[in-house]
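Please consult the structure while reading.

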Amino acid sequence: MSISRDSKPLAERLRPKNFDELVGQEHVMGEDGVLRKVLQRGRVFSCILYGPPGSGKSSIAELIRRSVDAEFFSLSGASHGVTELKQVISRAEELKKYGRQTVLFIDEIHRLNKSQQDHLLSRVEDGSIVLVGATTENPSFEIIPPLLSRCRVIFLKPLSKENLIQILKRALVVDERLSKMNISVGEEVLQFIADISRGDARFALNTLEIALEMAETKNMNSLDLDLVKSSSGYKSETYRKTADEHYDFASAFIKSLRGSDPDAALYYMVRMIEAGEDPKFIARRMIVLASEDIGLADPMALLLAVSAFSAVEYVGLPECVLNLAEAAVYLSAAPKSNSIYKAVQRAKGVVERSRGVQVPLFLRNPATNFMKDAGYGQGYEYPHDFGGFVKKTYMPEELRNVTIYAPGDTGKESLVKKRLSQLWGNLKSYETKKQ
C-alpha cells in the first residue's frame, strides 16, 4: 500500500527538488559551491557528507539523485546489512559492463562495520560505485582509512537561526497539509522554534508540525508559545553531551583558559554543566591545565584547581558551579608558562635515548658495607653542610650537558629563573649551568 503524501513527516514532504529550494550550506551547494558545480555537469564524486543532525545531508543526497544520470541506490547503515550491500555491488558490476554509473548513498555510514566497509572499498576503488555517505560522527574515527582516503569529506554546518526561520516559513506556505490548517504562526513562535532547534531543520519542522496538530485539535486560530513548549518537551540544555560536542566544548573551555579569556571560559563551562557534564571532569581538566599551561608562573594555580575539585566533591551541584567558576577565572587571569610541560617532554626524549645510563655512584644509597666498599655514596656532599647548596651537577656523566627544564620569564617563574642563575654562578642563563 502506498504512503499518502500527508502521512509522511513534514521534513520528508519538504525535501528540496532543485538547488534553489535547498536552504543553507552555501559553501557546498550555493552558486559557487563545490558540489553544486559538479552536479550541474551531471557528475558526482565519492564523498562523505559530515554534519550535525538536520543540516541537510539527506536533502543533498536527494539532489544528487535528481542531478546525476546514474543508477541510484539508497541504503541505511543502521538497518541494512551485508546481504543488501552485496546485491547493490552485484548490480553495479553488471551496469558497469554497459557503461552505466552507479551511485550508492549510505545514510549513517558510520554504522557499517569494518568488514562491510572493506567490502565497499574495492568497488569504490575500481569505479564500480560512486559512494555518497552521510554521517553525524567524525569520519576519521568511524570510516576505515583506505575507504576514507578515496572519498572527499564535505563538512556541513549547523543551519543558522535565519536558515531555520526561512525553512519554517516556507513550510507554512508550501506544505498542503499545514496551509489547510489556517492557523497563524507569529514571529515570536518561529524565533523560539529556531532557537531550540540548534541548527537542526528536521527537529524544527517536527516541532512546528506537532504543535500545529495540537493547536488544530484545540480549535485554536493561532499558535502560542506555551503550546509549542509543552508539545516539544522543551528543555533548556544548550549542547548535546554526545559524540564530538563533548570534546569540542571541553577543547574550547581549555583553550579559553589558556588564552586568558575568562568570559569565554565561563560561557563554555556553564554550557557544559547545563548539558549534564560531570563537574568533576571540568575540575580535572583545570588541574591538568594548571601545570601544563601555568606551572611555576603561578604555583597557586595548581593549589586552587585541586581545591576546586575537592569543593566539587564536598558541595556538589548546583553550588559547586561557583567553585568551578572561581577557579576558571583565576586560571584565565594567571600568567602562562608551559615550561613544565616542555621539561617533561624533553625528559621523555632524554630517557628514551639514554636507557643504559647508570646512576652515578656518589648518588647511590650505601645501604650495606659491600655497597660502601663498591663506592656507593662516596663523594656525595650533603647540601645542608654547605649552606644549602653545592655547585655540582647530579646528572650522569654522559648527560652532564643536557638541559631539561628551561624556566620562563613570566610571573613567579622569573624568580625561579633568577634563583637558579644565582645558585649556578650568575650565568647568562640557567640553561648554560653545565660545566
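**A salt bridge within a helix**

E62 is buried, having a relative accessible area of 17%, where buried means under 20%, exposed over 50%, and partly exposed in between (1.4 Å probe, protein chains only). The model is a predicted one, in which local features need pLDDT of at least 70 and side-chain atom pairs count only at pLDDT 80 or more, while totals for chains, interfaces and linings use all residues. Residues are numbered from 1 along each chain as its sequence is written, and side-chain values use heavy atoms, with hydrogens and water left out.

The side chain of E62 forms a salt bridge with that of R66 (2.9 Å, N to O); a salt bridge is a side-chain nitrogen of Lys or Arg within 4 Å of a carboxyl oxygen of Asp or Glu. Side chains of opposite charge can pair when their charged atoms come close. E62 and R66 are separated by about one helical turn, because they lie 4 residues apart in helix α4 (residues 57–67); helices are DSSP runs (H or I, at least four residues), numbered from the N terminus. R66 counts as partly exposed, at 44% relative accessibility.

**Other salt bridges**

By this rule, the count is 25 salt bridges. One of them joins the side chains of R36 and D20 (3.5 Å, N to O). This pair links distant parts of the chain, 16 residues apart: R36 belongs to helix α3 (residues 34–39), and D20 to the loop between α1 (10–13) and α2 (26–29). R36 is buried, at 7% relative accessible area, whereas D20 is exposed, at 63%.

R36 also meets E31 in a salt bridge (3.5 Å, N to O), and E31 is exposed, with a relative accessible area of 56%. Elsewhere, a network of salt bridges links R13, D175 and E209.

**A nonpolar surface patch**

V359, L363, Y380, Y382 and Y394 make up a nonpolar patch on the surface, with about 470 Å² of accessible area together. Such a patch is made of residues with over 30% relative accessible area and no salt bridge, with nonpolar side chains (Val, Leu, Ile, Met, Phe, Trp, Tyr) joined within 5 Å. Accessible areas come from the Shrake-Rupley method with a 1.4 Å probe, and for residues only the protein chains shown count as cover.

Y382 is located in the loop between α20 (369–373) and α21 (413–423). Y382 counts as partly exposed because its relative accessibility is 45%.

Key. Patches are made of residues with over 30% relative accessible area and no salt bridge: like charges are joined within 9 Å, nonpolar side chains (Val, Leu, Ile, Met, Phe, Trp, Tyr) within 5 Å. Helices (H or I, at least four residues) and strands (E, at least two) are DSSP runs, numbered from the N terminus.
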